[in-house]
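Here's a quick briefing on some charged pairs and a greasy spot. Take a look at the structure first, then we'll go through it by topic.

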Amino acid sequence: MGTAQNMTLISLFVMVVHALGLLNAAHAVMNVRLSQSAIAWSISLITFPWISIPLYWVLGRSKFHGYTEAVQSAYEQYWQRVAAVSQDLQPYLASLPEPLAALQKSAEALAEIPFTSGNAATLLIDGKQTYAAMLQAIESAKDYILFQFYIINDDEIGQTFLQALVKQANQGVRVYVMYDEIGSRKITKAYLKTMQRNGIQATKFHSTKGRGNRFQFNFRNHRKILVIDGRTAFVGGFNIGDEYLGKDPKLGAWRDTHMQMQGAAVQCLQITFLKDWYWAMDDSPATNWSVMPDRQQNETIFVLPSAPAQPRETCTLFFNSVFNLARSRLWIASPYFVPDEPTLAALKMAALRGVDVRIILPNRPDHLIVYLCSFSYYNELKTAGIKLYRYKTGFMHQKVMLVDDAIAAVGTVNLDNRSFHLNFEVMAFVTAGQFIQQVETMLKTDLENARLVDYADYHKKSLGFRLAVHIARLMAPLQ
């Protein structure tokens, strides 16, 4: 009798688990943004509910809850400051010529941030140059420093930045530090206590804050922002860690790109930081909003923040609009290539209409599954006429784009599902000017240090490798 009861309970438990799998599959179909992700989750939840249900509960959401409402609350609380910022930016609103005018209208509707003129943009190549420029800017701070990175490590360069921030804090400069709790999981208590002891306000982003995000571990704040006194700002691919100086023996030399800016665009990048800070701290530090324009370079810059909290697919919509503008050249450097279907289609259509589409990827992996997944796109890239390059001189981590002679972009967005749909990201787009020529020169050098992929080589790989590639592609919507 006892055995029969046990069997009945086990059967009942199995039925409940499978019923939960069906319910969660229905939830995925109704709520997951991407159709391929919804299909992947629903099949997994129905077929393997024992494994998929807990994974779905912690990884299944693609909508970040509460952030938009928090920002709206901040606007209401600081509406006088918001109005003053808008007024200060009015003289620097850019008016772009066709065909960029249509892009400008849609971009500003997506981001609620304008294209601004009166800017200076400086290209920073690799770690030594980038860190030197950042440290020099930190040393020049008189009022405040906004310091936000996905990864902050307690290593040699991490200590260098810590001491620079502590020095400024001890001289009366207000210092605000924000980091992603998953990306910066190696940051030590001693590191944070040193900040606290010296009056530095430091906080993690709190990606699991809020009822709807509590058990989710798939969201990241991947932004890298440094703002000095509202006068100078930095954005790009660099985090704070020794590996970005090529000191990781597994990856070797590190190829990355950052940019420094002055002018009205600094205020736009500053807005992005302050929104994140308000989410984390329910407060907004006093900042400088007066613009010091650079009329000599007078470059037009657009800052695009994107996030899973936004109601629209900002990254996908804007990037694809940019791809569709390309007429002669579309060069992209990214460490990862796992595009969603609309983005892949936009790239293929650009190549099919005669655009020189080149994509530069690393030749060695730092994330194996993502690296393997990139091989699964070879046939589609080949048939469209897209040229793929593998960077040979160390690990390439830069996120850079060049469109014709019209647009150059540097920032944090990778060409993958995670950046487009799950991460908080930010890119800076520069239109015309010497910055575009500098990016062109830089990418030509990168192409010289890369090998053009012969797509036929993939079919010479072992069956095991190709099987692993296809398994990785099946997991792409879940990454």
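Does Lys 460 count as buried or exposed? Lys 460 counts as exposed, because its relative accessibility is 66% and the cut-off for that label is over 50%. Keep in mind that this is a predicted model.

**Lys 460 and its partner**

- The side chain of Lys 460 meets that of Asp 457 in a salt bridge, at 3.7 Å from N to O.
- Asp 457 is partly exposed, with a relative accessible area of 33%.

**Arg 473 and its two glutamates**

- Arg 473 forms a salt bridge with Glu 341, and their closest N and O atoms are 3.9 Å apart.
- That pair ties together parts that are 132 residues apart in sequence, because Glu 341 lies in helix H12 (residues 341–352) and Arg 473 in helix H17 (residues 463–474).
- Arg 473 also meets Glu 380 through their side chains, in a salt bridge of 3.3 Å from N to O.
- Here too distant parts of the chain are linked: Glu 380 sits in helix H14 (residues 378–384) and Arg 473 in helix H17, 93 residues apart.
- Glu 380, at 22% relative accessibility, counts as partly exposed.
- Glu 341 is partly exposed as well, with a relative accessible area of 42%.

**Salt bridges across the model**

- Counting a side-chain nitrogen of Lys or Arg within 4 Å of a carboxyl oxygen of Asp or Glu, you get 13 salt bridges.
- Some residues join up into a network of salt bridges: Arg 329, Asp 405, Glu 440 and Lys 444 are linked this way.

**A nonpolar patch on the surface**

- Now for the greasy part: Leu 9, Leu 12, Val 16, Leu 20 and Leu 23 form a nonpolar patch on the surface.
- Together these five side chains' residues have about 460 Å² of accessible area.
- One of them, Leu 12, lies in helix H1, which covers residues 2–31.
- Leu 12 is partly exposed, because its relative accessible area is 47% and that label runs between the 20% and 50% cut-offs.

How values were computed: Residues are numbered from 1 along each chain as its sequence is written. This is a predicted model: local features need pLDDT of at least 70, side-chain atom pairs count only at pLDDT 80 or more; totals for chains, interfaces and linings use all residues. Side-chain values use heavy atoms; hydrogens and water are left out. Patches are made of residues with over 30% relative accessible area and no salt bridge: like charges are joined within 9 Å, nonpolar side chains (Val, Leu, Ile, Met, Phe, Trp, Tyr) within 5 Å. Accessible areas come from the Shrake-Rupley method with a 1.4 Å probe; for residues, only the protein chains shown count as cover. Helices (H or I, at least four residues) and strands (E, at least two) are DSSP runs, numbered from the N terminus. Buried means under 20% relative accessible area, exposed over 50%, partly exposed in between (1.4 Å probe, protein chains only).
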